[in-house]
Amino acid sequence: MPHSIRINVQNTALFCKAMEMIISERIFEILEERHMKQAEFCRRTGIMPSTVSDWHTKKTNPSADKIMTICRVLEISPEKLLQEDDEKEVLPDDDFLRPGDRQILLDYHSLNSNQQKRLLSYMKRIKKGTDERKDS
């Protein structure tokens, strides 16, 4: 039980921090990135289209009880939804990266979680195939 309380407190703290920005703006950015129509988003979240429209036109935020549902549908963590724009990109210093690495990391982080898992699995299979050829 204490663990679930800690998660709720953490999510509440994140939500309060995010109130400084307009969460609905992030939702619409992500919808655009994912090429998801507002009607599909409403259908999948169970949120009324008029409510989502109000977020857009009145620049209001969704209620706290909707955040987890929204995150599930958009396949993102609450942290990613609630973070400030200047916190989005967390990459190593350029001194550490080789040419092209930065773009690979940006592309990887633009994928949803299922796509990231598939890519990692594919990379492991490629590496395994390379290792097997070295052994023969």
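How many helices and how many strands are there in the protein? The protein has eight helices and zero strands, where helices are DSSP runs of H or I with at least four residues, strands are DSSP runs of E with at least two, and numbering starts at the N terminus. From the N terminus on, the order of the elements is α-α-α-α-α-α-α-α. The model is predicted, so that local features need pLDDT of at least 70 and side-chain atom pairs count only at pLDDT 80 or more, while totals for chains, interfaces and linings use all residues. Residues are numbered from 1 along each chain as its sequence is written, and side-chain values use heavy atoms, with hydrogens and water left out.

Of the 136 residues in the protein, 26% are buried; buried means under 20% relative accessible area, exposed means over 50%, and partly exposed lies in between (1.4 Å probe, protein chains only). Contact means heavy atoms within 4.5 Å. Among contacts between residues at least 6 apart in sequence, 63% join residues at least 24 apart.

Two packed helices are described by the angle between their axes and the distance between the axes. Axes are lines fitted to C-alpha atoms, for helices over the stretch in contact, and angles run from 0 to 180 degrees between N-to-C directions. Helix H2 (residues 23–33) and helix H4 (residues 49–58) have axes that come within 9 Å and cross at roughly 110°. H2 is therefore roughly perpendicular to H4; angles of 65 to 115 degrees count as roughly perpendicular, under 35 as roughly parallel, over 145 as roughly antiparallel and the rest as oblique. In this contact, Ser-24, Ile-27 and Phe-28 of H2 meet Val-52, Trp-55 and His-56 of H4. By class, the contact of H2 with H4 has four nonpolar, two polar and no charged residues. Here Ala, Val, Leu, Ile, Met, Phe, Trp, Tyr, Cys and Pro count as nonpolar, Asp, Glu, Lys and Arg as charged, and the others, Gly among them, as polar.

The axes of H2 and helix H5 (residues 67–74) come within 11 Å and cross at roughly 15°, which means that H2 is roughly parallel to H5. The crossing of H2 and H5 is left-handed: the near helix is turned anticlockwise from the far one by less than a right angle, whereas clockwise would be right-handed. Ile-23, Ile-27, Ile-30 and Leu-31 of H2 make the contact with Ile-67, Ile-70 and Leu-74 of H5. This contact of H2 with H5 has seven nonpolar, no polar and no charged residues.

A search of the whole structure finds one aromatic pair. Phe-41 and Trp-55 form this pair, which is edge-to-face, with 6.4 Å centre to centre and 65° between the planes. Rings of Phe, Tyr and Trp (its six-membered ring) pair if their centres lie within 6.5 Å, and planes under 30 degrees apart count as stacked, over 60 as edge-to-face and the rest as tilted. The pair links distant parts of the chain, with Phe-41 in helix H3 (residues 38–45) and Trp-55 in helix H4, 14 residues apart. Phe-41 is buried at a relative accessible area of 0%, and Trp-55 is buried at 3%.

Most residues other than glycine have a negative phi. His-35 is not a glycine, yet has a positive phi of about 55°. His-35 lies in the loop between H2 and H3 and is exposed, with a relative accessible area of 71%. Glu-75 also has a positive phi, near 55°. Glu-75 is placed in the loop between H5 and helix H6 (78–82) and is partly exposed, with a relative accessible area of 29%.
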